[in-house]
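Here are a few points for a colleague who has not looked at this structure before. Please read them with the model open.

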Amino acid sequence: NGNEAACVRHMEVRAAAHIGHDGIVKVYDAGRSRDGLLYLAMELLRGETLEERMTRQFGDRLPVLDWLLRVLEPLAAAHEQGIVHRDLKPANVFIARGPDGNERVKLLDFGLARDTREKSGTETGIALGTPYYMSPEQATRPKHVGPPSDVWSMGVMLYEVLSGHMPFEGETLHAVVIHSTTSPHVPLQEHQPRLDPALCALVECCLCKEPSQRPADATELLARLGPLLADT
């Protein structure tokens, strides 16, 4: 409805302004048109999403892992400002191509973001996000998610790229959520026995159902993942 759309628009504008990182898509203006339609004026990006890149270059894991490492920088900037994205997935990671042909990462869609420093009277407790990448606490306690929820989503993407499988699946989206919240997944090392055990262990750590057992935020995950991918 109109109120929900206005809240999403408001959060998108505030998040981009508060974070102030070049890896966050810029929002220039927002408002309501004369005929009552809500709008966002954002920077024009040319390129493709990480989801599209993964489809085009299926099986070429190292370049995709590099993009996941890069997106941790703007995500870390968001976490430092107390902002949790809550909808991290390959479709919201954009590989933008500049006029010179160089590519850079842009993190999209902060419409579902939550500012952990504020209490919102409009929060309903409804789980929002994409079930395949949604943390257990986001599915069950959506008003209380913190940076570890985004770490979970990053863990799902890392697992997906490294194994070629989703860690949690089901015949319906509801079944996917039940799987992720109540059942274990197949360890990454079982899918890919030749992977570095330390890298597998970090991904498994990101997918711990208890948030306190994961890396605390994107800054910690970046510090731990960077050296492992450099070795790889």
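Is H79 buried or exposed?

1. The model is a predicted one. In it, H79 has a relative accessible area of 9%. Buried means under 20%, so H79 counts as buried.

2. H79 sits in helix α3. Leaving aside neighbours within four places in sequence, the residues in contact with H79 are V84, P147, D150, D217 and A218. With A218 there is also a polar approach: a polar atom of the H79 side chain lies 3.1 Å from the backbone nitrogen of A218.

3. On aromatic rings, the structure holds 1 aromatic pair. The partners are W152 and F168, which are stacked, with 5.3 Å centre to centre and 15° between the planes. W152 belongs to helix α5, while F168 is in the loop between α5 and α6 (173–182), so the pair ties together parts that are 16 residues apart in sequence. Both W152 and F168 are buried.

4. The second largest pocket has a volume of about 240 Å³. It is lined by 14 residues, and those closest to its centre are M54, F58, G59, E160 and V161. Two or more lining residues come from each of α2 (50–56), α3 (61–80) and α5 (147–163).

5. Which element gives the most to the lining of the second largest pocket? Helix α5 does, with 4 residues. By class, the lining of this pocket is made up of 5 nonpolar, 6 polar and 3 charged residues.

Note on methods. Residues are numbered from 1 along each chain as its sequence is written. This is a predicted model: local features need pLDDT of at least 70, side-chain atom pairs count only at pLDDT 80 or more; totals for chains, interfaces and linings use all residues. Side-chain values use heavy atoms; hydrogens and water are left out. On a 1 Å grid over the protein atoms alone, a cavity is a set of points where a 1.4 Å probe fits but cannot get out, and a pocket is an open set with protein on both sides within 12 Å along at least five of seven lines; lining residues have an atom within 4 Å of a point. Grid points are joined across faces, edges and corners, and a volume is the space filled by probe spheres set on the points. Ala, Val, Leu, Ile, Met, Phe, Trp, Tyr, Cys and Pro count as nonpolar, Asp, Glu, Lys and Arg as charged, and the others, Gly among them, as polar. Buried means under 20% relative accessible area, exposed over 50%, partly exposed in between (1.4 Å probe, protein chains only). A polar contact is a pair of N or O atoms within 3.5 Å; within protein, one must be able to donate a hydrogen and the other to accept it, and residues adjacent in sequence count only if both atoms are side-chain atoms. Contact means heavy atoms within 4.5 Å. Rings of Phe, Tyr and Trp (its six-membered ring) pair if their centres lie within 6.5 Å; planes under 30 degrees apart count as stacked, over 60 as edge-to-face and the rest as tilted.
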